[in-house]
Amino acid sequence: MELLFNLTLNGLATGMLIFLLAAGLTLIFGLMDVLNFAHGGLFAWGAYSGIWIYTTTGSFLIGILGAIITGFLLGIITERWIIKPVYGNHVQQILITLGLMLVLSEMLKVIWGPNQLTANPPEYLQGSWEIGSMIIIKYRVFIILVGFLVFTGIQYLLKNTKIGLVVRAGVMNKEMVQALGINIKKVFMFVFMIGSGMAALGGVLFGPYSGVIHAGMGMEFAILAFIVVVIGGMGNFKGSVMAAILVGLSGSFMAYYVPELSLAVNMLLMAVVLIVKPQGLFGGKG
């Protein structure tokens with residue numbers, strides 16, 4: 001029972017980190033029909049900038065805020081100068097964002113060096129609680145709570161606010177929203193900022209979770225994020241969180257019981273979903 005609990009807790013924490021990255025991809029694709037392969041680079045930049053600010057100031061909360069702001073700024077730059085010229089062309093989007101991904105990774109090496117950097121949780125999130133014979137690691141619980149709060153907040157934003165109404169309407173019919181006098185370009189910018197900020201948040205939370213960060217982490221997690229988006233359904237926000245949890249749990253249990261398949265299990269899971277239900281477990285946009 002203790003083993004199952006710990007594997008589940010670890011899987012949920014990993015799933016929430018993947019969700020923060022995949023949800024941004026889902027929002028961006030759902031409204032803007034943009035395939036952003038540079039999204040993992042924002043994840044890595046969030047990790048490096050957030051951990052650097054955390055180490056410099058000694059405040060983990062300031063580090064988190066700094067990472068989110070970094071994500072916002074990079075999101076604005078990416079949308080305005082990289083994505084905007086290639087709207088509507090998926091092939092060009094893939095090529096230009098893959099190039100941006102490489103540039104972002106190399107810039108990390110230029111600024112912070114090519115070596116791995118260590119990252120530790122703040123003192124108040126270190127250690128664990130013991131309940132009977134079960135050990136609950138504080139930082140993993142923190143990640144799960146943050147992921148749940150972000151999911152709840154985005155859901156509320158989309159379902160219960162005016163900007164959320166505009167975003168959902170834009171998903172359904174961009175031309176109609178434009179005809180009603182709403183500047184869809186500003187809505188695009190807002191969505192890209194939110195998605196980029198979520199990716200950066202996931203990055204800074206990942207640092208203390210893994211203990212180290214490196215410039216190639218963006219590509220590794222970007223692959224997982226795209227797997228989650230495909231499994232959950234392209235453009236489906238609720239599907240992204242369910243698929244992320246599924247991927248996190250499957251990776252956690254496979255790594256313990258069948259370690260030889262731990263790297264391949266997510267690809268196999270995606271392949272099975274595509275064969276059985278090509279539109280994803282939770283359908284299309286939603």
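Which residues form a nonpolar patch on the surface? In this predicted model, the patch is made by Leu98, Leu102, Met219, Ile223 and Met267. Together these residues have about 420 Å² of accessible area. Helix H4 (90–112) and helix H9 each supply at least two residues of the patch.

Take Leu98 as an example to find in the structure. Leu98 lies in helix H4.

**Looking for empty space**

Rolling a probe the size of a water molecule over the atoms shows where empty space is left. The largest pocket has a volume of about 570 Å³. This pocket is lined by 22 residues, and the closest to its centre are Thr14, Phe221, Leu224, Leu263 and Asn266.

Where do the lining residues come from? Helix H1 (2–32), helix H8 (184–210), helix H9 (217–232), helix H10 (237–257) and helix H11 (265–276) each give at least two residues to the lining of the largest pocket. H9 gives the most, with six residues. By class, the lining of this pocket holds 13 nonpolar residues, eight polar residues and one charged residue.

**Now the cavities**

How many cavities of 30 Å³ or more are there? The count is two. Here they are, side by side:

| Cavity | Volume | Lining residues |
|---|---|---|
| Largest cavity | about 70 Å³ | Leu27, Ile154, Leu157, Leu158, Val167, Phe190, Val191 and Ile194 |
| Second largest cavity | about 40 Å³ | Leu25, Phe29, Val34, Leu35, Asn36, Phe226, Val229 and Met234 |

For the largest cavity, helix H5 (138–160) and H8 are the elements that give two or more residues to the lining. The lining of the largest cavity has eight nonpolar residues, with no polar and no charged ones.

For the second largest cavity, the elements that give two or more lining residues are H1 and H9. Its lining has seven nonpolar residues, one polar residue and no charged residues. Asn36 is among the residues that line this cavity, and Asn counts as polar.

Helix H9 supplies at least two residues of the nonpolar patch, gives six residues to the lining of the largest pocket, and gives two or more to the lining of the second largest cavity.

Note on methods: Residues numbered from 1 in each chain as written. Predicted model: local features only at pLDDT ≥ 70, side-chain atom pairs only at ≥ 80, totals over all residues. Heavy atoms only, no water. 1 Å grid on protein atoms, 1.4 Å probe; cavity = no way out; pocket = protein on both sides within 12 Å on 5 of 7 lines; lining within 4 Å. Points joined across faces, edges and corners; volume = space filled by probe spheres on them. Helix = DSSP H or I, 4+ residues; strand = E, 2+ residues; numbered from the N terminus. Patch = residues over 30% accessible without salt bridge, like charges linked within 9 Å, V, L, I, M, F, W, Y side chains within 5 Å. Areas by Shrake-Rupley, 256 points an atom, 1.4 Å probe, with all protein chains shown as cover. Salt bridge = Lys/Arg side-chain N within 4 Å of Asp/Glu carboxyl O.
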